Amino acid sequence: ELAVQGSNGAGQPNARPIVLGFSQLGSESDWRKANTSSIVEAAKEAGIQLRLENAEQSQQRQFEAVRSFIQQQVDVIAIAPVIESGWDPILREVRQAGIPLIILDRLVEVSDPSLYITFIGSDFYEEGTKAGKYLLDKMSDAAGPVGIVELRGTEGSTPSIARGKGFRDALKERDLLRVIQSEAADFTYKQGKEVMRSFLKAKGKEIRVLYSHNDDMALGAVEAIEEYGLKPGKDIIIISVDGTRKAFEKMMEGKINSVVECNPLLGPNLMQAVNELMQGRTLPKKIITPESIFTEAMAEKEVKNRKY
Ligand code: GYE
């Protein structure tokens, strides 16, 4: 058997289990719920003791959770940060305490990247690019200008920033495709529906395409479009991100046209990283999840494979 060299004796045979403090940013979407479950299950499986705090979208509450993990002297801290900015001081507190830190899902923007050990998550810019390329292809025959509306996620969060940028960069090729309205709807069903309503009120039939930064907002928007009397997926082409089962079901009905995958099942990767850290191994700075894109044609075949 492999000899395990954990600090504090944690992780060694017959020693106390590794304690992981995880600050989850919230429970705003189906993606998030699947992410939390994946982490809870993977911790159990790995025999890692998990202390989980849900910040309900408040960065301040994330700071408090991290401080409590420091006080409890956990072995490793993991954070899924709600927004990118503002993390420098608290990350320095973690370093001061000598606790290794993993950033999960979204990124932090810090002056000193050595403040965290590794980032585990997706390439959101690539996701935006995939959405844009799908649209270029779908609209290759369009003659007149194509009005696009965009439902952005949480302001200042990595997935929202990068999905917006990747999408726009992909569309640069054709100036016929224009974003005519863009607003943050915080990744929630409720706000997605409300903001789509306001887009329709302002622009009506000018809207030919909806690009939504996640499925929950897209599902809310589908409702708003139907209430307005238009056909989602036909009158308005819909592209979304995540790939939840619910979005696949709408795609099977032809009400969503394409979904870019973003995998929330990061639990096993996180536990593996924690174990390796405790064994004194060096981790890569980024651990990126491979992902796909799905369209209506594949929805029926793929829906049964969805795990979230
Ligand atoms: O796409 C969205 C969730 O950070 C990648 O957050 C995650 C995003 C995900 O609310 O559904």
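**Close-up views of the model**

View 1. Thr158 counts as buried, having 24 C-beta neighbours inside 10 Å (buried is 20 or more other C-beta atoms within 10 Å of a residue's own, exposed 12 or fewer, partly exposed in between, with C-beta atoms placed from the backbone). This is a predicted model, so to speak of local features we need pLDDT of at least 70, side-chain atom pairs count only at pLDDT 80 or more, and totals for chains, interfaces and linings use all residues. Residue numbers start from 1 along each chain as its sequence is written. Thr158 belongs to helix 5 (residues 158-171); helices (H or I, at least four residues) and strands (E, at least two) are DSSP runs numbered from the N terminus. Skipping residues up to four places away in sequence, Thr158 touches Glu84, Arg106, Leu107 and Phe124 (contact puts the two C-beta atoms, placed from the backbone, within 7 Å). Ser85 is 73 residues from Thr158 in sequence, yet their C-alpha atoms are 9.8 Å apart.

**View 2. Helix 4 crosses helix 5.** The axes of helix 4 (residues 124-138) and helix 5 come within 6 Å and cross at roughly 35° (axes are lines fitted to C-alpha atoms, for helices over the stretch in contact, and angles run from 0 to 180 degrees between N-to-C directions). Helix 4 goes past helix 5 in a right-handed crossing, the near helix being turned clockwise from the far one by less than a right angle, with anticlockwise giving left-handed. On the helix 4 side, the contact includes Phe124, Tyr125, Ala131 and Leu136. Helix 5 brings Thr158, Pro159, Ala162 and Phe167, among others. Sorted by class, this contact has nine nonpolar, six polar and six charged residues (Ala, Val, Leu, Ile, Met, Phe, Trp, Tyr, Cys and Pro count as nonpolar, Asp, Glu, Lys and Arg as charged, and the others, Gly among them, as polar).

**View 3. Helix 6 packs on helix 7.** Here helix 6 (residues 189-203) meets helix 7 at an angle of about 40°, with axes 7 Å apart. That makes helix 6 oblique to helix 7 (under 35 degrees is roughly parallel, over 145 roughly antiparallel, 65 to 115 roughly perpendicular and the rest oblique). Their crossing is right-handed.

View 4. The largest nonpolar core has 44 residues, and Ala131, Met196, Val209, Leu210, Ala218 and Ala221 have the most contacts inside it (a core is a set of buried Ala, Val, Leu, Ile, Met, Phe, Trp, Tyr and Cys residues joined through C-beta atoms within 7 Å). Helix 7 (residues 215-228) supplies its largest share, seven residues. A second, separate core runs to 41 residues and includes Leu25, Phe69, Leu270 and Ala273. Back at Ala218, the contacts beyond four places in sequence are Gly192, Ser212, Ile238, Ser240, Ala247 and Ile256.

**View 5. Helix 1 against helix 9.** Helix 1 (residues 30-46) and helix 9 (residues 267-278) pack at about 45°, their axes 8 Å apart. That makes helix 1 oblique to helix 9. The crossing of helix 1 past helix 9 is right-handed. By class, that gives seven nonpolar, three polar and one charged residues.

View 6. Gln57 isn't a glycine, but has a positive phi of about 70°. Gln57 is found in the loop between strand 2 (49-54) and helix 2 (59-71) and is partly exposed, with 18 other C-beta atoms within 10 Å. Leaving out neighbours within four places in sequence, Gln57 is in contact with Leu25, Gly26, Glu28 and Val82. Gln24 is 33 residues from Gln57 along the chain, and their C-alpha atoms are separated by 8.9 Å. Asp242, not a glycine either, has a positive phi of about 130°. Asp242 lies in strand 9 (residues 237-242) and is buried, with 28 other C-beta atoms within 10 Å.
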